[in-house]
Amino acid sequence: MGVIGKTRMVLPLTCRAIHEALSFIVFSFLDLLDFVLCFAYKIADFLIEAEWKPCYCTSAKEAITSCGKILVSEQGESKVVCLSSSKLELEEISDTLYARPSLLSEVSKLTVNELERIKKNLLRTCEKTKKGTVRSTFTINSTIVEMLQGKIEGQQTHPIPRWSDCDCKHCTSWTTSSQETLFVKAEGAKDKAKEDVLFIHGFISSSAFWTETAFPNFSDAAKASYRFFAVDLLGFGRSPKPTDSLYTLREHLEMIERSVIEPYNVKSFHIVAHSLGCILALALAVKHPGSVNSLTLLAPPYYPVPRGLQATQYVMRMVAPRRMWPPIAFGASIACWYEHISRTICLLICKNHRLWEFLAKLVTRNRIRTFLLEGFFSHTHNAAWHTLHNIICGTASKLDGYLDAVRDHLKCDVNIFHGRNDELIPVECSYNVQKRVPRAHVKVMENKDHITIIVGRQKAFARELEEIWSRSSG
């Protein structure tokens, strides 16, 4: 028995050590590959678009100011100054966009720092006058000056698809519209609806996640009483995908308000959100505290940050742990850590989504719906990259405040669903929300994961939603 017990203890440790070693080797190779792809895309962008496209590998300021925005930093927090014709706006961005430590990046950083030190020493030498005194100097940021001149002269960016993005009618339908609003699928009561329900999908998904599952299974009574709104978030599905957007929290919220709340005169509503959409749902509820009657969150990505740790970096490592197993964590790590590898994946998959959709239907012989694939394909790399970092990681320090506001200032009903087998967002995240908002009801679904928490049980889920709305209406 002693030998068996020791074997049971040693075997997991051995497997973990092997996994750690393989992960280190694989991700070291991916670090190098992303570095090589950085130069490859710079050359391709120049040859195809006649312009050097900056990225976050070398300079965050260069990448951000190229789209007409200025990066400023204060006390460890990064913000972007956006200029419009009448006002200046501050938008918070995640430092994980340009600070993703790796062995290769650390070596590059040391080299850059050494060059900067040599440059400063040379400048000090040059500034000395013949008398041996040091002359006062003013440094003017030429990038900011050029950007201001461009704005004054009416220079405009062109939010059109890049060469590596799909240019089919489905993906570019928004470019021909006179109104810049999200794609909204509205169903339910036409006149005299008792209340409205807003559905917000998760990362690299679309409104079809709701319209193909929950919408067809609502009862006739619910369809006669409620108006249902499912949106494609900015950058996803059939919604606008501007290339000059940073897809910040403010931009996502304003587009939802401009596309649903204002045009449909929504006054009292429920929110149903999945995964990344839960963050937007909380922010929206805090912004409209008197209008939200219930919050239904599915797999909310809430990771309480230990004291003393940087929130954005901590959450990035929790969501994308740079591990090969499980596969969904490996995919999340590639999407989050590698700007150019993830762009290559979008180039191969999203740009050619019509081919992949055709093959999927051919293989399955149309025996299954392909709405999940269609939602996965319908986005751009720019939208996915910035949304992942600015929403999932960038709001890490804000979620505590949002949850406290829901607990203390909102009276809405809070319900949380989570799959026990969810390998992307662990079930502990939902319990963490409950600790912050004690009145929240958590329901853990056995043998369900991040997707099957709805897909496969849509009828039961529709009934559960109707019970929540009936209980919390008014």
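Predicted model: local features only at pLDDT ≥ 70, side-chain atom pairs only at ≥ 80, totals over all residues.
User: Which residues does UniProt list for "transmembrane region" here?

Analyst: Happy to start there. The unreviewed UniProt entry lists residues 21-44 under that name.

User: Which residues form a nonpolar patch on the surface?

Analyst: The patch is formed by Ile-43, Phe-46, Leu-47, Ile-48 and Trp-52, and together they have about 560 Å² of accessible area. One of them, Ile-48, lies in helix H1, which covers residues 2-49.

User: Now a helix question: what does H8 reach from its first C-alpha to its last?

Analyst: A handy check sets the end-to-end reach against the value expected at 1.5 Å a residue. Helix H8, residues 249-261, reaches 17 Å, close to the expected 18 Å.

User: Is H8 mostly covered or mostly uncovered?

Analyst: H8 is mostly covered, with 10 of its 13 residues buried.

User: Let's move to aromatic rings. How many aromatic pairs are found in the whole structure?

Analyst: The general idea is that a pair of aromatic rings is described by the distance of the centres and the angle of the planes. A search of the whole structure finds 20 such pairs. Take Phe-203 and Phe-236: their ring centres are 6.2 Å apart and their planes stand at 70°, so this pair is edge-to-face. The two residues are 33 apart in the chain, with Phe-203 in the loop between strand S5 and helix H6, and Phe-236 in the loop between strand S6 and H8.

User: Which aromatic cluster holds Phe-228 and Trp-469?

Analyst: That cluster also includes Phe-199, Phe-209, Trp-210, Phe-215, Phe-218 and Tyr-226.

User: And salt bridges: how many does the structure hold?

Analyst: In general, side chains of opposite charge can pair when their charged atoms come close. The structure holds 17 salt bridges. In one of them, Arg-407 pairs with Asp-404, and the closest N and O atoms are 3.2 Å apart. These two residues sit 3 apart in helix H16, so about one helical turn separates them. Arg-407 is partly exposed at 34% relative accessible area, while Asp-404 counts as buried at 19%.

User: Which residues are linked with Arg-407 and Asp-404 in a network of salt bridges?

Analyst: The network also takes in Asp-400, Asp-408 and Arg-436.

User: Where do Glu-464 and Lys-443 lie?

Analyst: The side chains of Glu-464 and Lys-443 meet in a salt bridge at 2.7 Å, N to O. Glu-464 is in helix H18 and Lys-443 in strand S10, so the bridge ties together parts 21 residues apart in sequence. Glu-464 is buried at 12%, and Lys-443 is partly exposed at 32%.

Technical notes:
Residues numbered from 1 in each chain as written. Heavy atoms only, no water. Patch = residues over 30% accessible without salt bridge, like charges linked within 9 Å, V, L, I, M, F, W, Y side chains within 5 Å. Areas by Shrake-Rupley, 256 points an atom, 1.4 Å probe, with all protein chains shown as cover. Salt bridge = Lys/Arg side-chain N within 4 Å of Asp/Glu carboxyl O. Helix = DSSP H or I, 4+ residues; strand = E, 2+ residues; numbered from the N terminus. Expected span 1.5 Å × (residues − 1). Buried < 20%, exposed > 50% of the residue type's maximum accessible area, 1.4 Å probe, protein only. UniProt positions renumbered as here; feature names shortened; annotations may be inferred. Phe/Tyr/Trp six-rings, centres within 6.5 Å; stacked < 30°, edge-to-face > 60°.
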